[in-house]
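Hi everyone, thanks for making time.

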Amino acid sequence: MVATEVLKVRVSPDTKQIVRTLAQQQQLTGSALLMRLVESMYQTSGVSRAMTFDPLQPVARGARLYVRLRREDHMLLRERAASRGMAAATYASILLRTHLRGVALLPERELVDLKRSVGDLGAIGRNLNQLARVANQTGRVTGLSVQDLHALLRVCTALKDHIKALINSNTASWNTGHAEARS
């Protein structure tokens, strides 16, 4: 629905302050709070709104969404995006997508780092496996027992499998989202 009309109302300074306070508590602007009040009035009055709304139009791929942020929130957004090596708009897009779809999506750089960690864990596991093999063959290990080496190997294997599952889940979430965006 395109909002082109304005409703005006005059209130006392006390009423205006109350509305401003209520809006802040809801993290809304005064206008947004009043719009919610009008919406709830429609719902409780039994008036049919079907004729007052435009049907939802398909959204073009790459459509932009403009959001107003408080200065402090915008600074936090920029800092967190920069710490991940990405633009603030890209970071905000990922956050919205994650929230709307209920999936945990990792930014590309973090996903690459996670994949590298899987490789590192695999290398550690192979080294531990070689140590365990030598310990089993010779019966001698200085510092660690054979059981310690086997326990470390199990931990590395479990951690590697868990991280791989996260990567696969993340990849599937991205692929699903891209397929839906194309349709």
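Before I point at anything, a contact here means heavy atoms within 4.5 Å. Helices are DSSP runs of H or I with at least four residues, strands are runs of E with at least two, and both are numbered from the N terminus. Please keep in mind that this is a predicted model, where local features need pLDDT of at least 70 and side-chain atom pairs count only at pLDDT 80 or more, while totals for chains, interfaces and linings use all residues. Residues are numbered from 1 along each chain as its sequence is written, and side-chain values use heavy atoms, with hydrogens and water left out.

Let's begin with α3, residues 71-83, and α4, residues 88-101. On the α3 side, L77, R78, R80 and A81 meet A88, Y91 and A92 of α4. That contact has five nonpolar residues, no polar ones and two charged. For the classes, Ala, Val, Leu, Ile, Met, Phe, Trp, Tyr, Cys and Pro are nonpolar, Asp, Glu, Lys and Arg are charged, and the others, Gly among them, are polar.

How are α3 and α4 angled? They pack at about 95 degrees, with axes 8 Å apart. The axes are lines fitted to C-alpha atoms, for helices over the stretch in contact, and angles between N-to-C directions run from 0 to 180 degrees. The pair is therefore roughly perpendicular, a label that covers 65 to 115 degrees.

Now α1 (13-25) and α2 (30-45): their angle is about 90 degrees and their axes are 8 Å apart, so α1 and α2 are roughly perpendicular as well. Here V19, L22 and A23 in α1 meet G30, L33 and L34 in α2. Five of the contact residues are nonpolar, one is polar and none is charged.

In the loop between those two helices sits Q27. Its phi is near 55 degrees, a positive value in a residue other than glycine. Most residues other than glycine have a negative phi. Q27 is exposed, at 68% relative accessible area; exposed means over 50%, buried under 20%, and partly exposed in between, with a 1.4 Å probe and protein chains only.

Last stop, the largest nonpolar core: 12 residues, including L111, L128, L149 and I167. By nonpolar core I mean buried Ala, Val, Leu, Ile, Met, Phe, Trp, Tyr and Cys residues joined through side-chain atoms within 4.5 Å. Its largest share, seven residues, comes from α5. Leaving aside residues up to four places away in sequence, L128 touches L149, L152, L153 and C156. A second, separate core of five residues includes L77, A81, M86 and Y91.

Definitions and conventions: Angles under 35 degrees count as roughly parallel, over 145 as roughly antiparallel, 65 to 115 as roughly perpendicular and the rest as oblique.
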